[in-house]
Amino acid sequence: DHGLSEADPEVSSIIKKEKERQFKSLELIASENFTSRAVMEAVGSCLTNKYSEGLPGKRYYGGNYYIDELEILCQKRALAAFHLDEKKWGINVQPLSGSPANFEVYTAILNPHDRIMGLDLPHGGHLSHGFMTPKRRVSGTSIYFESMPYRLDESTGLVDYDMLEKTATLFRPKLIIAGASAYPRDFDYPRMRKHITYRIDTFWKIADAVGAFLMMDMAHISGLVAASVVANPFEYCDIVTTTTHKSLRGPRGGMIFFKKDPVLGVDLESAINNAVFPGLQGGPHNHTIGGLAVCLKHAESPEFKAYQNQVVSNCRALANRLVELGYTVVSGGTDNHLVLVDLRPLGIDGARVEKILDMASITLNKNSVPGDKSALVPGGIRIGSPAMTTRGFKEKEFIAIADFIHEGVQITIDAKGLVSGSSKLQEFLKFVVSSDFLLTDKVS
Ligand code: PLP
């Protein structure tokens, strides 16, 4: 049995190059992080060899005593990391990632074509919350369920809760989804909960028959939630989903938390567990569950809490510096791990800036901003602080990052305005910022 470099030099060399890229670049993608060596050891272990369909104690395969022990440990650590009472909250740690976790919830509690409301993708929501364009139902969620997105108030960059309330009163969704991929502020959970009660009891007066569930997809901020540096969605939501590889800093995976008491007549525990398996998945990825257990143990440490506090402070320092440099930052700042910069006042778009910064090993992503005319030309960039905070960066370094980004933006603007006869490098930069290859119809 050979090690990777001997058994497959080609793959080994690609991994080496990617490792070097990760090591050398400024990693500012808000949904990424560097997990620990201990997590990677568990993910790369013999746990990947085992089939274990079903739940601990109720498996469809033999030989699962240790896998049962592992999954139960992971469940217990997950509930502890989020300060949940085992009598009130249950968990499924088997979802393969964030999008499957969300779809599993939908199929657990909804019938096909039931109505849902999530934050619109161009306003910061996620594809799996039901994105569709006027021409096309893009995600499986919008194909199999009827989606009516809510949006931000474009003048403030904050969720327009008044409009959400009005629309929901007419649309009567069965599920309202909080959570986002590009929203720099906290969600107002009490407000979202209150609306649901209002609609059921006072407006329609048809009680439980048309009740809506409230779910939070805390994928981006789950590390911040665990460390209590942002509002706690568990106080108000019936179901909470998350990925495990973003601010939580674990392996790539997903989790679903659910209330143990029935909600709107539905036993969430059996509905969600059955939706995960056999509904939509087969064997759990036990190596991921092993890595997740390691990550969740760490999530209870004082060091983890200090890290999450630093993530938010760093992000604030970055946002403040960008504002000082004259940038328009959506919502005026940040309360979490990301900043959304609106580049349209400068006459450029996010795709061009992303490309130029990539050439300087600064990795971030173009992002639509409220008011964009077309999703094809996103007017902003999203910048996240979790990964570089893991690498030890503090406020001072994040201020320097803002200055680097500023330089990249200036180069993009200059390159766009270049006339012919300039140097080869300038010509090349001009080619980069004027090319159509920057325009993709990728929507996430
Ligand atoms: N939910 C939110 C809010 C996200 O931002 C993402 C991914 O970025 C997901 C779900 C989907 O996670 P995955 O890419 O693991 O399917």
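These exercises walk through a predicted model, each with a worked solution.

Residues are numbered from 1 along each chain as its sequence is written. Because this is a predicted model, local features need pLDDT of at least 70, side-chain atom pairs count only at pLDDT 80 or more, and totals for chains, interfaces and linings use all residues.

**Exercise 1. Find the average pLDDT of the chain, then find where pLDDT is below 50.**

Step 1. Know the score: pLDDT is the predictor's confidence in each residue, from 0 to 100.
Step 2. Read the average. The chain has 91. Of the residues, 91% score at least 70.
Step 3. Residues 201-210 have pLDDT below 50. This stretch still has ten contacts in the model beyond near neighbours in sequence. (A contact means that two C-beta atoms, placed from the backbone, lie within 7 Å.)
Step 4. Go on to residues 440-444. Here pLDDT stays under 50, and the model has seven contacts beyond four places in sequence.

**Exercise 2. Describe how α4 and α11 pack.**

Step 1. Recall what is needed. Two packed helices are described by the angle between their axes and the distance between the axes.
Step 2. Helices (H or I, at least four residues) and strands (E, at least two) are DSSP runs, numbered from the N terminus. Axes are lines fitted to C-alpha atoms, for helices over the stretch in contact; angles run from 0 to 180 degrees between N-to-C directions.
Step 3. Locate the helices. α4 covers residues 65-81 and α11 covers residues 286-298.
Step 4. Give the values. The angle is about 40 degrees, and the axes are 9 Å apart.
Step 5. The crossing is left-handed: the near helix is turned anticlockwise from the far one by less than a right angle (clockwise would be right-handed).
Step 6. Name contact residues. Among them are I67, L70 and L73 of α4 and I289, L292 and L296 of α11.
Step 7. Sort the contact residues: ten are nonpolar, two polar and three charged. (Ala, Val, Leu, Ile, Met, Phe, Trp, Tyr, Cys and Pro count as nonpolar, Asp, Glu, Lys and Arg as charged, and the others, Gly among them, as polar.)

**Exercise 3. Give the strand order of the open sheet and name its edge strands.**

Step 1. Recall the pairing. Strands of a sheet pair through backbone hydrogen bonds, either parallel or antiparallel. Two strands pair if DSSP finds at least two bridges between them.
Step 2. Write the order of the four strands: β13-β14-β17-β16, with antiparallel pairing.
Step 3. Pick the edges. β13 (328-329) and β16 (365-367) each pair on one side only.
Step 4. Check one pair. Two bridges join β13 to β14 (residues 338-342). V329 has V341 of β14 as its bridge partner.
Step 5. Helix α13 (residues 350-359) lies across β16 and β17, at about 175 degrees to β16.

**Exercise 4. State how α15 crosses α12 and α13.**

Step 1. Take α12. Its axis and that of α15 (residues 395-416) come within 8 Å and cross at roughly 35 degrees. This crossing is right-handed.
Step 2. Take α13. The axes of α13 and α15 come within 9 Å and cross at roughly 115 degrees. This crossing is also right-handed.
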